[in-house]
Structure formats: C-alpha cells, structure tokens
Amino acid sequence: MDASALVSIIIGGLVGAVLFQHAGGWLAGMLLGYLLARTFSQTEKIKDLERRLRDIEGLVEEMPDEAEQPVRQPETVSAVVSPRHEEQEEMPPKVFFRPEPAPAPAAVRSEIKPPRAPSLEDRLQAKIKAFFTEGNVVLRVGLLVLFFGVAFLLKYAAERNVIPIEMRLLGVALGGLALLGFGWRQRLARPGFALLAQGGGIGIMYLTVFAAFKLYHLLPSPLAFVLLLGLVAASTALALLQDARPLALFGAAGGFLAPVLLSTGSGNHVALFSYYALLNSGILAVSWFKAWRSLNLLGFIFTLGIGSMWGLNSYQPQHFASTEPFLILFFLMFKAIGVLFAFRQPPNLRGYVDGTLVFGTPVICFSLQAGMVQNMPHGLAYSALAVSLFYIVLARWLWNRGNERLRQGMRTMTEAFLALGVVFVTLAVPLALSGRWAAVTWAMEGAALIWVGIRQNRVLARSSGFLLQFAAGFYFLADGGSYGGTRLPVLNGTYLGAAIIALSALFSSWQLYKADTLRRWEKWNHLPLFCWGCLWWFCAGFLEIDRILSHRSEDHCNLLFTALSCAILTRLSARLDWKTAAWPSLLLPVFMTLMCLDKIGWQGHRHLFFADEGWAVWPLAFVLLHDCLRQGRGLLAERCLSVNHIIAYLLLIFIVTSEGGWLTRQLIGGAGVWNELVWGLIPAGIILLAHNRWLETRWPLADYARAYQRHSSLVLAFLLWFWLLAGSFGSAGNAPPLPYIPLLNPLELSQIAALLLLVWWLLRHRLLPEPALAAFGAGTAFLWLNTALARAVHHLAGVPFNADAMLSSRLYQTALAILWALLSLALMTAAGRRRSRSVWFAGSVLIAATVLKLFFVDLAASGKVERIVSFIAVGILLLLIGYFSPLPPKKEEAP
C-alpha cells in the first residue's frame, strides 16, 4: 500500500467520524477512502497506458516506407578447404571482407513526438497527489489531524461546559502560538517543517480570534481587527525573513478576509477602506524587497473586487468625499507595486510588465470613477485628463531615472505608461463632449492589449485585444446617434469616438503586421482589423461631412477627405514599412471617377472645376493622387500601380477636356463646332505630349511608359477615331465668325490632323499589320472625304446636311460619282507606279462601284444636267485610268 492510499484512509476515517459521530463512521470513512484511493490509482494507470499508446501510434505513423523493407544481410565468401583436411574438425569459413553494420530501424531514427500538455484536471490532480505524497507527508497529515482535534476539542468543551469559554479559547490561542514558536525555532534545521508549523499556528490563531468575536462575542470589533492585523503583520514579517511566499499569501488572505468574516453589518466603508489601505501598505513594503506577483495580485483582487461590490450595492453620491481619496490611494498603491515588481526582476527580465496591474488598474479604477462622477458635468473628462498627466509624468520619471542600462531595461514599462497617458488624454476629449466612453475605452484597451501581447508574446492578450476592437465598434453603434449635447463640427463625441475606434483598429493592425512572434493562425489577423479601421474612418468622415455641409459642397469635401486620407496612409505605409496601409490608395482613382460621373452625369452638372469649390478641390485631389502613386512604388504590385496610372491619366484627360469644352461654349455662346473641336484636339495633343522625349526621362513616364504611351493612348486613339467619325457624319462644320472653306475650315483641318496622328501612333507602336493598317487608314479617309463633300454641298449649294437630303440631292450624287472616279484614278495610277496589286484591285473595286452607282442610282434619280455631267466626267476618268494603268502589276511590291 502506497502513501497516497494511507493518507486517503486516514482522511476518510476522520471525515466519517465527524459526520456520523460514532465508531462505525470511522470504519465507513476508512473504507470509502481506500476505495477512492484505489479508483484514483487505477485511473492514473489507465491514463498512463493511453498516453503511451498514443505515443507509439504517433511513432508508427511517422515511420518511412524503407523501414518496412527487410534489412539486407551482408554477403560472405566461404574459404576453400583442402581435401587433406576434410576429415578434420570443420573450421569456420574465412570472411574476405568485414560486413558493415545494418542501419538502425526507421522507428529508432525518427524523432519522438513531445508529449501533449497536461490538462487543467491533470495538473490539479497532480498537485493534490504531490501534496499528500511528496515532502513531509506525515507532518501534513499531522497538521490536518491536529486541526480536526482542535475542532473536536472546542466542540466537546462547548457542549459540556467543562472549562470556561474564555480559558478554552485562550488555551487554543496559546497552542497556536506555541506551534508558531516551535516552527520558528526549527526554521534552520528543518525549513519545510518549520514553514508548515508556522502556517498552522497562524491559522489556529486566526480561527481563535474569529470564534471569540463572531461565535462567542468575547472580543469587541476594534480589538478583533487589531489582533487580525497583528497576525497579518507577523506572517508578513516571517515570510520576508524566511523568503517564504506561501506564508505571506496565507497571512494576506486572512487579513483581507477578516472584514468579511468579522462584519457587523454597520456599512462603515471608511473603516473598511482604511483597513485595506493598511494591508496594501504592507504589500507595498514587501514589494520593496520581493517580486512576489501572486501577493500583488491577491491584494489587487481583494481590494478592487470587494470595493467594486460595495460600490455597486451601497455607494451613494454623498459618499464621494469619503470614497474618492481611497480610490486615488489604491490606484497609486498598485501603480507603485507594479513599478517595484518590474524593478525587482532579475537583470535579464528587468522591466517585465505585469499586464494585470499595469492595465487592469486603470481600467477598473476608471470604471469605478465613472460611476462616482456620472452626475458631475465633465467629471469623467477631467478624471481622464488627470490620469493621462499622471502617466506621462510617471513615464518621464522612469525614463530619466538611472543609467542607460537601467533605462533600456525599463523601456517596456515606460512605453506602456506613455501609451496609457496618450490613451487617456485622447479619451478626455470625447468624454468632455459625449458620454459613450465605454466603447472608446474598449477600443483603446484592445489596442493596448495587442501591443502588450506582442511585446510579451502572450496569445491570450492579443486575442482579447482583437475581439475588443470589434466589440467596441458594435457597442458604439448600439448606443445610437446622439451627439452628446453639441453639434460642433468634428469636435463632438460621435465623430471623435468613431475616429478613435478607427485609429485603435489601425494601430492594432500595424502592430500585428510587423510582429514576428505570432502563431500561424494569427498571421492574417491584421487584415480584418485594417479593413475595420478603414471602414470606421471613412464612414465617420462621410457622415460628419453630410451632417455639417450642404449637398452642393458635400461631394467635393468627400473627395478631398478621401484623397487626403489615402495620401496620409500611403505616407505612413512608406515610413513604417506597412504595405497594407497603401491599399486604400488603389481605390482612390475609382472613387474619383465615380465622383466625376456623379457630378457630370447623374447630377446634371456640365463642368467640375468652376462649379462651387471644384476649382480648388479637384486639382488638390490630383496632386494627392500623384503623391499616392509616387509613394506606392515598392509597396504595391506593379500591375495594380499601372492600372491606377491608366485610370488616373484617362480621368484627368476627361476632366480637362470637359472643362475645356465648357469654357469654349461659355466664350462663344455655344455656336458652331468650337466646343466639338476641343473634344478631339485636347486628347490628340495629350497623345503627342505623352511621346515627348524630355518627358520620357521624367517620372511617371520613365517608369510607366507602356501604361501611358500604349495602353492609355490606345483608349484615347479609339475615342479620337470615334470622334472623327461622329464629327464627320454629325457636324455641318459651322465655325462662326469664320467663313466656310472646303478642307480649310477648323473642323476638317482638325479631322485631318487627328487621322494623321492615328496613323502615326499605329505605325509607332505596330499594333496592326501593314495591310490592316492600310485598310484602316484608307477606309477612314474614304468615309471622311464623302462627308467633307457633303459639307461642301451643304454650304455652297444650300442642301440641308442630313442623310435624306443628301441622298436625294442630284448635285451631291453627281459630285460623289466624280469623287469616287478621281479616287480610283489616284489609286490605280499609284499602284502602277509602285507595282502594288492590292492597291490596284482596291481602285478597281472603287471604279466598279462608281459605274454601278451611275447606272443604277444616278440614271434614275438625277436630272438631265447632272446625269450628263456625271457620265462625261466619269467616262473621261475611266479613259485616263485605262491609259495610265490598264492592267494590274505582275509583281507586287511592298509600298
């Protein structure tokens, strides 16, 4: 039978005797203890076997395939035996080479998987088992039996009144004191025994004081408190002298529980908090010598926990004057304890931040302060300002204290206090203007938790901060749309609170982005936070602009706000090496395009720069976009940047062209083709400008020449060709006050320039093969000549410039036949000289069309004079063609 079973039998017998009060209880308890011990032992064995089985299964799964192959035995060559020795004793064969040792099995070579971490239940069972099976087990059982004996003695004496109660309690107290003294005398010879004895003696005296006050009413309340306080001081002193943390914890826990155990229901909070202040002073004194975190947390939990319970149940506004000093005192005490804890760490851990004290203290104390000053105007704002000043001064004091080595060791704590100072001074502004402090506090607390979790590599802190960011946002939305009693632009609680939530999320995203100690599942946590922060930032800005500005100015302000925000984020991205921050700039050209379409199309505005504040906003927006594109190099993908350059370039051309057309229309009163010319000449001029040699050596053409000269110009070239055709078929060419001169009027000169530019651009970039390019140029020129002839007939002969009138005009039909014949003559003559069969056949097709037109169209529709002129002119031209180029060239050469 092992020691654990023996201990279980003894404890079971004691419990049975107490419960049943007769000898049978001893036996039943001992049997129950034995059964529990056996059950626990069997459970441990089964768990151990399961753990071993899992380890073996893991090893089998990791064995490679070659482990399953049999180990090849080395080959040997037997020696040759002489016939004379056949009858002799057989000798072992001689081996001609030494066999190499077989490789170790793969199961041996594979690494053993580390055992899984024990669960909370396993750790608790191990601690209980260790307490009763390791160390001085007999002493522990003896103390347990002694406690039961003292309890039985007190009960027996109380039932029979053998000895007066005062003497009985005095005897018990003297027994506890003797046990304490005996333990102190044994501190050097037997330290473990000594500490247990001292703890037992202090526990007996605690019970004695409690019984004398609560059960028998022999001690007045002040005296009982003094006695308990003396026991706390004695246990603390003994703990310091012997470096015994458990003894200090035991004494402190008894001291903090004393007001609860000895409470008379009077509700004297001043006495309660004074007593707790005295106990925390002792913990502060201990912190000067020892870095006992558990003792610090014990005081923190008891003080603020019981204080919070009293505040929720009993606080009244008239208690403020007697409560506020204690709250400030406790706040300062726990700040001092946290600083001393960091100073008392070993040199390699100096500056370690106790997150519970450093960040938990301001959160709990500030929450209590909020409940106390909720009826005071701006009380919470002043409180936040005072706390921020305290933290900033404390951070500066810590940074200036000591040498450089000590300063660097305390760097983390200094940064934590400085961050808290910034947080509270930022918090003071919205608190002064709005009452929704909880959501804002959560957001900043979440950012602080993420920062500390990264610095100290704590997964729980990072995860809590991550969730707090989203909880803060949803809580803020649930509070409604109140503006905190003020409608000042920007300086109101709603906007500033939303902005702080956004900045907290963006700061958290940056911290997670640059952290290199995250778990695998945390690597992408920065993206949801970044999107969350951007959503809050832009939505808060848009809503605030919509609230304070008129509809006419709202769009321009939204544009400026968006462009400025994207530029700031891109600058931060380059400075902080935070590539994610540059992503919103990718959407800026798209946003500007939508704003432009909204202004021009959907809202009916015909121009941008000279509408309202657009003359200042749009140029500034393009300057900011230029800065985003320039700063985005190396931060964003080149393909995305090229697309942004193209969109921004085309948008700028569109706006400049639109404004140029609007200005031209305003100057001439909307008459003539001058407005239409702007839509062709400006894009054509910008295409030429994009191919300027000097500009090709400057940014952005130096880095994105293909985007500007090829891709963007392709869109412009297509639009320019469409403009040429639209102007040819749809414009009569009126350009007052200038008279109309065929081919030398502004419209047709512009169209000729546009056509030549298109051909030059296509030749430069070789986007089409030569036959296709020739067909494109010739076809476009042919259509343009027909419409130019129609404009000439319109201006010189007064025929209306529309399709029906021109098709019915005998003069236009005659002139068209002559034009086609002239074109055929030019084509076929040029083909004969250049020996180009394709050009000759193109001319022949055109002359065939001319002849068919004469006989099937002009013969029926034209008048006598027009018919005669058409036939004679076309006939003469056909004779000339037959004379100069009667047959197609035999050999085709490239033109």
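The largest cavity holds about 100 Å³ of space, and the structure has one cavity of 30 Å³ or more. A cavity here is a set of points on a 1 Å grid over the protein atoms alone where a 1.4 Å probe fits but cannot get out, with lining residues having an atom within 4 Å of a point. This is a predicted model, in which local features need pLDDT of at least 70, side-chain atom pairs count only at pLDDT 80 or more, and totals for chains, interfaces and linings use all residues. Residues are numbered from 1 along each chain as its sequence is written, and side-chain values use heavy atoms, without hydrogens and water.

Among the residues that line the largest cavity are Pro 362, Phe 366, Phe 424, Thr 441 and Glu 445. Two or more lining residues come from each of α13 (355-372), α16 and α17 (437-455); helices are DSSP runs (H or I, at least four residues) numbered from the N terminus. The lining comprises nine nonpolar residues, one polar and one charged.

Helix α16 also contains Val 425. Val 425 is partly exposed, at a relative accessible area of 33%, where partly exposed lies between buried (under 20%) and exposed (over 50%), with a 1.4 Å probe and protein chains only.

A cis peptide bond joins Trp 699 and Pro 700, with omega of about 10°. The bond from Pro 736 to Pro 737 is likewise cis, with omega near 10°, and Pro 737 lies in the loop between α27 and α28 (746-765).

Methods
1 Å grid on protein atoms, 1.4 Å probe; cavity = no way out; pocket = protein on both sides within 12 Å on 5 of 7 lines; lining within 4 Å. Points joined across faces, edges and corners; volume = space filled by probe spheres on them. Nonpolar A, V, L, I, M, F, W, Y, C, P; charged D, E, K, R; others polar.
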